[in-house]
Amino acid sequence: GLQWTTAEEDAAAESEESEQEDAGDRKKGSHKTRQKEAQRRREEAEIERRERALMNDSATPETPEDFERLLLAEPNSSLLWIQYMAFQLQLADIEAARRVAERALKTIQFREEEEKYNVWVALLNLEYKYGSQDSLQQTFQRATQFNNSKRIHMHMAEMYEKAKDVNAAEEMYKLMLKRFKYSKKVGGMSQQIDAAAD
């Protein structure tokens, strides 16, 4: 018994062995491919879910990317900018919240005075709660330059009053009485302060 094979038979046998090995490799590769494909589908489904949720007005953005996407559609919305600031504060990133506020002030169109004012108020509140006295004063000075000065002063006085910071509120009211002595609104506040002191 010896079996003699021709070169063609040897080539056919090698080819068959090679195909079997390739098929085994494809099965392994296809398993990995199926896993990757399943992961990609899960990620796409999650993105689609978040986008649908964001299209619903009651949904709150969950990531910075969500906020950025919404702000592309509504760059003049102080509500969105302030929510983004609050999101950063929840992450305990005060600097990021400040950067968001500064971006908002640069991005919101100058005609949208009320929207800009809302961001200034949010920034003043942020500086009062998390900043230093110096950072609050610098922000206050800038806010009076870019907004109705009396309105900013009144906000500061109310902010101090709500925080039960009596000395700071009193100082602000005194400053307002000097700067806006002909204002009926400030005069009315003065009478309230005198009545409260008595």
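This is a predicted model: local features need pLDDT of at least 70, side-chain atom pairs count only at pLDDT 80 or more; totals for chains, interfaces and linings use all residues.

Biologist: Let's start with α4. How far apart are its end C-alpha atoms?

Modeller: They are 20 Å apart. Helix α4 covers residues 94–107, and its 14 residues at 1.5 Å a residue should span 20 Å, so the two values agree.

Biologist: Nice. Which residues of α4 are buried?

Modeller: Ala96, Ala97, Arg98, Val100, Ala101, Ala104 and Leu105 are buried.

Biologist: And what covers them?

Modeller: The cover over the buried residues of α4 includes α3 (78–90), α5 (113–130) and α6 (133–146).

Biologist: Switching topic: at what angle do α7 and α8 pack?

Modeller: About 160°, with the axes of α7 (residues 149–162) and α8 (residues 166–179) 8 Å apart. An angle over 145 degrees counts as roughly antiparallel, so that is what α7 is relative to α8.

Biologist: Left-handed or right-handed crossing?

Modeller: Left-handed, as α7 passes α8.

Biologist: Which residues meet there?

Modeller: From α7 you have Ser149, His153, Met154, Met156, Ala157, Tyr160 and Glu161. They meet Ala168, Ala169, Met172, Tyr173, Leu175, Met176 and Arg179 of α8. By class, the contact of α7 with α8 has ten nonpolar, two polar and two charged residues.

Biologist: What about the loop between α7 and α8, where does phi of lysine 164 sit?

Modeller: Phi of lysine 164 is near 60°, a positive value in a residue other than glycine. Most residues other than glycine have a negative phi.

Biologist: Is lysine 164 buried or exposed?

Modeller: Lysine 164 is exposed, because its relative accessible area is 71% and the cut-off for exposed is over 50%.

Biologist: And what is phi for alanine 92?

Modeller: Near 60°, again a positive value in a residue that is not glycine. Alanine 92 is in the loop between α3 and α4, and it counts as exposed because its relative accessibility is 66%.

Biologist: One more loop: where is asparagine 76?

Modeller: Asparagine 76 is in the loop between α2 (64–73) and α3.

Biologist: What does asparagine 76 touch, leaving out residues up to four places away in sequence?

Modeller: Asparagine 76 touches Thr107, Ile108, Gln109, Glu112 and Glu115. Take glutamate 112: it is 36 residues from asparagine 76 along the chain, yet their C-alpha atoms are separated by 7.2 Å.

How values were computed: Residues are numbered from 1 along each chain as its sequence is written. Side-chain values use heavy atoms; hydrogens and water are left out. Helices (H or I, at least four residues) and strands (E, at least two) are DSSP runs, numbered from the N terminus. The expected span of a helix is 1.5 Å times one less than its number of residues. Buried means under 20% relative accessible area, exposed over 50%, partly exposed in between (1.4 Å probe, protein chains only). Contact means heavy atoms within 4.5 Å. Axes are lines fitted to C-alpha atoms, for helices over the stretch in contact, and angles run from 0 to 180 degrees between N-to-C directions. Angles under 35 degrees count as roughly parallel, over 145 as roughly antiparallel, 65 to 115 as roughly perpendicular and the rest as oblique. A crossing is left-handed if the near helix is turned anticlockwise from the far one by less than a right angle, and right-handed if clockwise. Ala, Val, Leu, Ile, Met, Phe, Trp, Tyr, Cys and Pro count as nonpolar, Asp, Glu, Lys and Arg as charged, and the others, Gly among them, as polar.
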